Amino acid sequence: MNEVVSTYNLSKKYGGEYRVKDVNLSVREGNIYGFLGPNGAGKTTTLKMILGLTKPTDGKVKVFGKVLEENREFILKQTGALIESPSYYGHLTGLENMRVVQRLRDLPDRNVVEALRIVRLEKQKDKKVSEYSLGMKQRLGIAMAIVSFPKLLILDEPTNGLDPAGIGEIRELIKSLPLQYGMTVLISSHLLSEIEQTATAVGIINNGVMIFQGSLEDLKKGKQPDILVKTGNNWLAQKLLTEKGYSPSVDGEFLVFRNLTDEQVPNVNRILTAGNIDVYRIEEQKKSLESIFLDMTGKESSL
Amino acid sequence: MKLVGIELYKLRRKHLFSMVMIFLLVEISWAFVVTARSVSGNSVYAGWEALIAMLSSMNGLFFPVLTAVCVSRICDMEHKGNTRKLLLAMSVKQNRLYAAKYASAAIVMFTAAVLQALAAAAFGITSAFERSVPLFLLFRFLTATIITNMIVAALQQWISMAVKNQAFALTFGMIGGFIGVVADLLPHNVRKVFIWSYYTGLSPVTQFYTGNHVIFSIRDTGSMVPVMTVLIIAGIVIYFAGSFHVSRQEL
Amino acid sequence: MIKRCIWAELMKLRHSRIWMILAVLPVISVLIGCGNYYMNRSVLTKGWYSLWSQVCLFYGEFFLPVLTAILCAYMWRLEHLNKNWNMIMTVPVPAAGIFLAKLAVVGFLLLFVQIFLFILYFLSGRLAGLDPGLPGELPGWLIRGWLASVTIGSFQLVLSMRIRSFAAPVGIGLCAVFIGLGMYVFRLGLFFPHSLLTVGMGVLSQTGLSPGENILFFAMCLFYMVADSIGAIYLLQKSDTMA
């Protein structure tokens, strides 16, 4: 599989500070790459550098195996993007906006029709975009990004402003893109649960530095699931176990054990039953992307 | 009061003052050069009158556009950042906001007019005009400029706030400048309708062309007062009309 | 490629009221110029020439440059809003295409203004009782005026491209008008776009231009347009896109 996007020590300095430093992003063909990070981590800046909107202070960007600086037009021809917020001409209708993009990209009419159909904007295409709701503008932005059915699609928070039904639709759409149209998708999002369901590869950036890159399985592999134990007397149980060298925390009705090995579980059980404490439940809680993410970035995941 | 301070703060990064300064500089230099030429040609002409007359007619062209640009920049901010909704949500009353913007525009234009008058005085002194600085004349000139400006600003603000696309406000200002300069060529009764004619209309000095010569005469102060009063009233009406209309606008 | 860009630019102007603004100016110029001519016919004895000087005095000196500034500010305003910069810079179109397309549209619109002025001038002259015998210099004035205004346009386009405020480039254009006047007075009229307009349209003096001066005129227009375009394209290519 080829690398569709690869960056080498990509850095961007603003003033004296590095907003993005030595980022080595790699997106393989046919993947849906989820680009995650807290607010201000450098996601949009990195995406802008990949599109050539921002010029890097250091490092290189290669798309489709070609250096961005020298092959800008060639690369952009096969790239579609929705970055920051949807761009549009308010005084034109949705269809006219699509026509502007169509003309600039030299595309046939059927692309426009198809793109509008995919995002479900056919009924509103003759309304002025200044009268669109936020969700409609977002969908128009997505339509403008996919209208050329490009090999690489870059979406910056595409589900912004969409209702749950809309989010679900976009999720299904994105999942179908590699299979149906052969697209590679690079998507940045805050909705970790969505990324979890959509992405095949993940990159996490924090404070301008990549802290993880790989498949979703790899990310979850390293993290052991938590073991939750519900007893008749949690307080006493916790005391007992702490004396024996375990360190459970309390979460509602459960005692939570992090990073417990398989061998340790029956030990815990024995200690409790020996202490005459009833054990009601022993459960496994797989680490969600959200908790892994929070662990890694140590911040509140932003909305 | 606080709102006015905020308005001026918003202007900080916009280099509005420097822009106004540069304009004034260019306009004044031009006026001085022309006046110097005409005065040197014939020493009979009283230098001060010529200078004031020249500045008055240039103001007719220049200040409407300058005012339009200033007011446009002050009002544009709200349109661009969609901050009107924000301000209203913070319970800033529409008419208070309107007043604050008008006050800041007025302050800027007032400063410009004062600077112009000062520069004129300085120029006259350094060019060794016959008389010493005719303070009263300059004061009347200043008043004329300021009053006319205030009304033009009220009009411009109405348009800049009501219509998002500033192209219309600026075009209107441009047409105003046009009228300002051409008004003197129009018959008396027609002239009075147009606000922009009052840059020269209220000026203390008038010019007559007889053959190849220009004669300057100073207008009687008394006859100006009723006109000024009417203008001020008209200005107040325009201001409130604009404020009312804009606050009624749906956001 | 450039055809596509121009088409896109024209599309963006749909539903806009820029036509009104462009038409208003010649109308007012001619109205007042003609009115003034009519009332002072005893003094202004040179027929079509006098009418031209009255009509064009303020048109060529002041209002066409300011109108051009407003037009160029409008052309870029659309991109400054709604983060449209992101969109135009991520389509497979070279930076040159973007700028030159806008310049072409500005040129086309200014041509419309110039032609409209001519029509009004002709009609008003006939209405004022002038015999149909248009001055021979007229085509020269119109063409040179148009070229000079497009030259001013290229300058204003660069300003509006970099300055997000609508009014500021217009203000700067206003300053340039006065500088142009100064250049004209000091006989350097052929070296600055705004004074090129004054000279080219025969606003203040109606003696024609010698062939040598004509060549210099066209060369200066070309020079400014090329310099502005190269500068703009370079800036587009090298700087970060601020949506």
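Which residue in strand 14 of chain A is the bridge partner of A:Val250? Select A:Leu255 and you have found that partner. Before you go on, a word on what you are looking at: this is a predicted model, where local features need pLDDT of at least 70, side-chain atom pairs count only at pLDDT 80 or more, and totals for chains, interfaces and linings use all residues. Residues are numbered from 1 along each chain as its sequence is written, while chains are lettered from A and ligands numbered from 1 in the order in which they are written.

**Stop 1: the sheet in chain A**

(Two strands pair if DSSP finds at least two bridges between them; helices, H or I with at least four residues, and strands, E with at least two, are DSSP runs numbered from the N terminus.) Now show the whole open sheet of four strands, in the order 13-14-12-15, with antiparallel pairing. Strand 13 (249–251) and strand 15 (279–285) of chain A stand at the edges with a single partner strand each, so one side of each has no neighbour in the sheet. On average, neighbouring strands here are turned by 30° against each other, direction ignored.

Next, select helix 9 (residues 234–243) of chain A, which lies across strand 12 (226–231), strand 13 and strand 14, running at about 25° to strand 14. Axes are lines fitted to C-alpha atoms, for helices over the stretch in contact, and angles run from 0 to 180 degrees between N-to-C directions. Then pick helix 10 (residues 264–274) of chain A: this helix packs on the sheet, touching strand 12 and strand 15, and its direction makes about 160° with that of strand 15. Contact here is when the C-beta atoms of two residues, placed from the backbone, lie within 7 Å.

**Stop 2: zoom out on chain A**

Colour chain A by domain: domain 1 is 3–220 and domain 2 is 226–286, with bounds from an automatic or database domain assignment. Taken over C-alpha atoms, their centres are 45 Å apart.

**Stop 3: where the chains meet**

Of the two pairs of chains in contact, chains A and C share the most contacts. That contact takes 25 residues from chain A and 24 from chain C. On the chain C side, helix 1 (2–12) and helix 4 (84–88) each give two or more residues, and helix 1 gives the most, with six. Chain A and chain B do not touch, their nearest C-alpha atoms being 11 Å apart.

**Stop 4: helices in chain C**

Select helix 3 (residues 48–80) and helix 7 (residues 167–185) of chain C, whose axes come within 9 Å and cross at roughly 155°. That makes helix 3 of chain C roughly antiparallel to helix 7 of chain C (under 35 degrees counts as roughly parallel, over 145 as roughly antiparallel, 65 to 115 as roughly perpendicular and the rest as oblique). Show side chains where they meet: C:Phe62 and C:Ile70 are among those from helix 3, C:Leu174 and C:Val177 among those from helix 7.
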